[in-house]
Amino acid sequence: MSSTDTTNASILVLEDEAEIARLICGSLSEYGFRCDHLTTGRQLLDRARRATPDLCIVDLGLPDMDGMQVVRELQEGSPCAVLILTGRNDVTDRVLGLELGADDYIVKPFEPRELVARVRSILRRYQRAAASDASDTARTIARFAGWTFDRGLHALTAPDGREVNLSAAEAGLLLTLLQRPNRILSREQLLGERDVDPFDRSIDVRMSRLRRKLDDDPHDPKLIKTVYGAGYLFTAQVAWD
Ligand code: CA
């Protein structure tokens, strides 16, 4: 992907209904995205293992396996961005998807233009994270409150030496907090977007997931504090080396 546009991105579309797949790939191709269509979870996981795509669009209702399982397994390989496509207009599913590390979700039936806008927004977020990584490669290991985070490997190590798995989305969020400790960060800053839907809970879901992984009590968080009406505050001292 170039640093100035997202249209070179490679996108894998997992959707078992041919007509919907045609609609998705048609819309994305129209905007210049490279798009490949797969119909089973296994096919997608095999493909993603051979060459990590920039983004996977994953339908939850599949013939061979649960789409949630696909999202989970994608995060275990080399993580890529994930957009969930669901016909089930069910909040629990959506929250679970985000908890598993998906970046966003879209509910069927959807406007093709909205799909393209969501895809662009996710890819831009990843590009910005990659650009800030590249401009700051010397400082790769962050130490805070006994924890260690290797930004290159997305590896989080607990004070007791335990390795903690982070999704790409969680690692990006942690990195943003570590780069600006002891400062209130708004949802917009954390998502890297100007227009954040005030009802969008994705950042809160991701934050509570990250807190749990950092053993931070959600009822009395010490590391990541919620500042009501303003955003979040990372309270630890951060040392980079
Ligand atoms: Ca389906």
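1. The expected span of a helix is 1.5 Å times one less than its number of residues. In this predicted model, helix α6 (residues 168-179) has twelve residues and should therefore span 16 Å. The C-alpha atoms at its ends are 16 Å apart, in agreement with that expectation.

2. Ten of its twelve residues are buried, so α6 is largely enclosed by the rest of the structure. The buried residues are A168, A169, E170, A171, L173, L174, L175, T176, L177 and L178.

3. A second topic is the pairing of helix α2 (residues 41-50) with helix α3 (residues 67-76). Their axes lie 10 Å apart and form an angle of about 15°. Angles under 35 degrees count as roughly parallel, and α2 and α3 are therefore roughly parallel to each other. The crossing of α2 past α3 is right-handed.

4. Which residues of α2 and α3 meet? From α2 come G41, R42, L44, L45, A48 and R49, while α3 contributes V70, E73 and L74.

5. For the protein chain as a whole, the secondary structure comprises eight helices and 13 strands. Of the 241 residues in the chain, 47% are buried. Among contacts in the chain with a separation of 6 or more, 61% join residues 24 or more positions apart.

How values were computed:
Residues are numbered from 1 along each chain as its sequence is written. This is a predicted model: local features need pLDDT of at least 70, side-chain atom pairs count only at pLDDT 80 or more; totals for chains, interfaces and linings use all residues. Side-chain values use heavy atoms; hydrogens and water are left out. Axes are lines fitted to C-alpha atoms, for helices over the stretch in contact, and angles run from 0 to 180 degrees between N-to-C directions. Helices (H or I, at least four residues) and strands (E, at least two) are DSSP runs, numbered from the N terminus. Angles under 35 degrees count as roughly parallel, over 145 as roughly antiparallel, 65 to 115 as roughly perpendicular and the rest as oblique. A crossing is left-handed if the near helix is turned anticlockwise from the far one by less than a right angle, and right-handed if clockwise. Contact means heavy atoms within 4.5 Å. Buried means under 20% relative accessible area, exposed over 50%, partly exposed in between (1.4 Å probe, protein chains only).
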